[in-house]
Amino acid sequence: MPEKVPDIQPDPPVEIRQILDGDVMAGARLIRCIEAGDPAAAQMLGKLYSHAGNAFVIGITGPPGAGKSTLINSLITMFRKKQFTVGVVAVDPSSRKTGGAVLGDRVRMQAHAGDKGVFIRSMAARGAAGGLARAAKDTCLVLDAMGYEIIIVEPVGSGQADLEITTLVHSLGLVAIPGTGDGIQAVKAGLLEAADLFIVNKTDLPGAASEMMTLEHLVQQRSLEPDTWQPPVVGTCARTGEGVDRLADLFLDHRQFMKDHQVLEKIQTAQAGEYFNTLVRQMVMDRIDPWIDRQVAAFLDTAAQKAAVAADPYQAARKLADRLTRFLAEPDSEVF
Amino acid sequence: METLNKIRVLVAKPGLDGHDKGAKIVALALRDAGMEVIYSGLHQTLDQIMSTAVQESVDVIGLSIMSGAHLPICEKLTAMIKEQGLDNVHLVVGGVIPNQDVQVLRKMGVAAVFPGGTSFDTIVSGINGLFQ
Amino acid sequence: MGVARYIKDEKGAITEVVYQSGMKIKPGYGPQDLADAGFSYETDLGEPGEFPFTRSLHPQGYRSRAWTTRQYTGFGTPEQTNERFKLMIANGQNGLNVAFDLPTQMGYDSDHPLAEGEVGRVGMAVDSLKDFLTAFDGIPLDRIGSGLTINAVASIMMAMYQALGETKGFDRTKISCTPQNDILKEMIGRGAWIFPVEHGVRLVGDSIAYAVKELPRSNPVSICGYHIRESGATPAQEIAYAFEIARAYIDTVAQRGIDPSDFVGRFSFNFNVYGNLWEQVAKFRAARKIWAQMLKEDYGVTDKKKLFLRGLFGGGGSGLTKEQPENNIMRGAFYALGAALSGAQTTALCSFDEAYTIPTPRSALLSLKTLELLMDEVGLRDTVDPLAGSYFIETLTLEMADKIKEEMAWVKEMGGIVSGISDGMIQKKVSQQAYEFEKGLQSGEYKKVGKTPGKEDEGADVELHQYNAAWAKSSKDSLAAVKRTRHEKAVADTLRALEKAAKGKDNVMPPLVECCKAFATVGEMADVFRQVFGEWQEPIFY
């Protein structure tokens, strides 16, 4: 595990009870500890796990400039009107050069800062693949255990809207803006299959109607089995809130549909399995990563092997990899 | 090794003043110093700033105040920080701050004061210094 | 050195100079440069006072009339502001430039919780017509025009000014006010916005449409490249974005069926004189030309006087330093020189202590005297556009025009300025530049005299304008007295009429004037707009 910087460590891990009671400061601090890679926080997550699973997790994905944050801001308002409590996880990119980040999505949602029924958390992607912060999943778990009924996740808006988010959410909305060919891009990126709702935002722009028609056409081309959810295409103007009420209803409809058709449970089970797989993978990698580094360094220590790498790195790598995996399978054997 | 534990800073613009150039460029400088910066946007009430600081569990609240109202604002905010038990959160202030007010602010509990013209290096090392 | 980029060789000789707007400067210029640039006296310059007005709006420049000086004034209570107004007028100032406090700018009354600690701080507090009556007491409104530095609630203040004039016995056709009324620049730079962008633009449109008919001597909008520049824009961007903002306002008024020729003559601008001297001169000369061409080509305006780029070219605050504040006096003089060489119609200077505080009477007068000195002692009234024909200045003016047009084209590509501001694209570009510039200043790449890179400011003792908490009390008491004595029914009726207009398509100005006359407060009127329009959500900053 990476070393912590003890001085910036928030208070010692909080009580489980505080989280389950929805204590905002306790929840926020736990998330902070998770991000910092604190092992005690990971243990606490384990204890929270059985208390979670009640929240409806929504993802809003789409290219940069599609107005995702503004849309989420309006969605929060709509869900609050319907008496739901709402948690938001907004992920922004980290600077490759410095590792720092400006987390700006929140600016659009700041009108909700005083609302006790809304918890917004900004998160830096920190180089995690797919733009979804490593800790986003665990953050959702905390918000879920705290009792937020709807959780909205905004991944980094990358050119290729990312699919990783599907392992995290129950319902995925894909935002496109008119006149950009986003719909076509979505097909190429494989999002057509993954999205449950298609949102054409900025309907005040020219070309909105034709963008919606294109998307509807693409959606209808999907071969649908009976009793499966037909993804609707909805137009919104996030700035004015137009169409967002309907969008909120459609998300809730989707949840109802999944419940009625026992899909929600299946998704949750599948996601749990996938997450377990990820956890194992990550833990193993955390442990063997430095070991691999050491072995590679040792391998390069002799002139002969260095020459072999220079001559044919593919062959040399295959040889070392074979040895390493053999050692992992039979720890009594020698690496070299 | 890249540390997972980064300093989280809320750069906030309290009150009605809308001059945000300073707040924005400092946010960018802190980013480039490897910190994670949450920017509040303009016209924030102290309640909004507090609730944002709690939800984002920041280590530092950095206020940018250009209107001259830094004394009343900081007096209130330091009291709120104490009252809500945000013991680990440091308050720092920048903007149009006359020399004679720096000590007054420090006595109130403001951890560092960065008057207009303070270099990025000084701000960054000042914030880093709060955690050493 | 300066705000331009200077590259030097090992001996310290300058090998390369690049201005902020992107022009590379040669060591020397000659006739060939003008020939290469395809310079033509007739089309690029024209005679002074003739299209495209590159040289001057008037054939004789300052000979026929020196510039108007308009120092930014106003603080504390209306009584104090009145006193300062009279001091400035007695010292030769011929126009007022009114500063409002933040609660007023943001549409809150002095007794609003959000106003706490801010009442009267950065300008005067105005809650109702009563405050205007006090502040402008004894001011000849038919002779002295007033700039009103207010934007989000500019429509309210313009209505208030009309109510003031009519109450004091000045016909509305005789009074002249110039509210800034530029909400789009607030969204780029100064941050005093309230309503969502389309409603903000609608209010600007309403006030322009109203002024065209009802307030013939007033200039209903003053587009502020100034603040865009202060936020980090280059001189070329300052002009380009201001013109694109003007385009947005022209379009919104034109959509009501009013011919642009009927109102563009009433637009004025507020530009910044900060930066390299030559770049400033080239900027203003190019700007006069581009504005006239834009109106002629895009809007079919033909009347000569309506093609004028009118406005205030004033010394910029961001050039000032906290270090060695007396240097700011000299800086101000050189900015003023730049303004005079550029043919500024109206001008003002930031006072030398503005990096610290609200100007004291001494520093405000010093600025005024600096401006007077240029006109009356140095010789800037002698001849029109004295730099015309300089190989360097003419080449630079042509290059500057190209840079401005490039930026205007970029805005168009984004779908216009309103969309660029809504999405935060303009703000992003400008803040990124501000950041880069500040880094350059700190590393010594750019230079300001008195500032040493790597060395912290020790601070200097200057006289401070002290905030007095008693102002807030005085404002609140005065507001309470107004609320006790006014006719509540008239207030309620006029506010209802305002709400109706705001919800529909009727111009909000006539009901606003009635509201003001009934002593409805700025906060009450702004609240009507808040309820009907909602509030703007800033775009993401990243």
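How many salt bridges does the rule find across the interface of chain B and chain C? The count there is 1 salt bridge. Before I describe it, please note that what we are looking at is a predicted model.

Let me begin with that salt bridge. The partners are B:K76 and C:E116, and their closest N and O atoms lie 3.5 Å apart. On the side of chain B that touches chain C, the elements giving two or more residues are α1 (21-32), α3 (70-83), α4 (99-108) and α5 (120-129) of chain B. Of these, α1(B) gives the most, with 8 residues. By residue class, this side of chain B divides into 14 nonpolar, 14 polar and 8 charged residues.

I turn now to the extent of this interface. In contact across it are 36 residues of chain B and 39 residues of chain C. Chain B and chain C bury about 2900 Å² between them, and carbon and sulfur atoms give 58% of that area. Besides the salt bridge between B:K76 and C:E116, the rule finds 8 residue pairs in polar contact between chain B and chain C, both residues being at pLDDT 80 or more.

The second part of my presentation concerns an interface inside chain A. How is chain A divided into domains? The domain assignment gives domain 1 (1-51), domain 2 (52-261) and domain 3 (275-329). I shall consider domain 1 and domain 2 of chain A. Their contact takes 17 residues from domain 1 and 16 residues from domain 2. The area buried between domain 1 and domain 2 of chain A is about 1400 Å², with 64% of it on carbon and sulfur atoms.

Which residues form a salt bridge here? They are A:E35 and A:R121, with the closest N and O atoms 3.7 Å apart.

Finally, the elements on the domain 1 side. Here α1 (16-20), α2 (24-35) and α3 (39-49) of chain A each supply at least two residues of the side that touches domain 2. The element that gives the most to this side is α2(A), with 8 residues. The residues on this side of domain 1 of chain A divide into 10 nonpolar, 4 polar and 3 charged.

Key
Residues numbered from 1 in each chain as written. Chains lettered and ligands numbered in written order. Predicted model: local features only at pLDDT ≥ 70, side-chain atom pairs only at ≥ 80, totals over all residues. Heavy atoms only, no water. Contact = heavy atoms within 4.5 Å. Buried area = accessible area lost by both parts, 1.4 Å probe. Salt bridge = Lys/Arg side-chain N within 4 Å of Asp/Glu carboxyl O. Polar contact = N/O pair within 3.5 Å; in protein donor to acceptor, adjacent residues only side chain to side chain. Helix = DSSP H or I, 4+ residues; strand = E, 2+ residues; numbered from the N terminus. Nonpolar A, V, L, I, M, F, W, Y, C, P; charged D, E, K, R; others polar. Domains from an automatic or database assignment.
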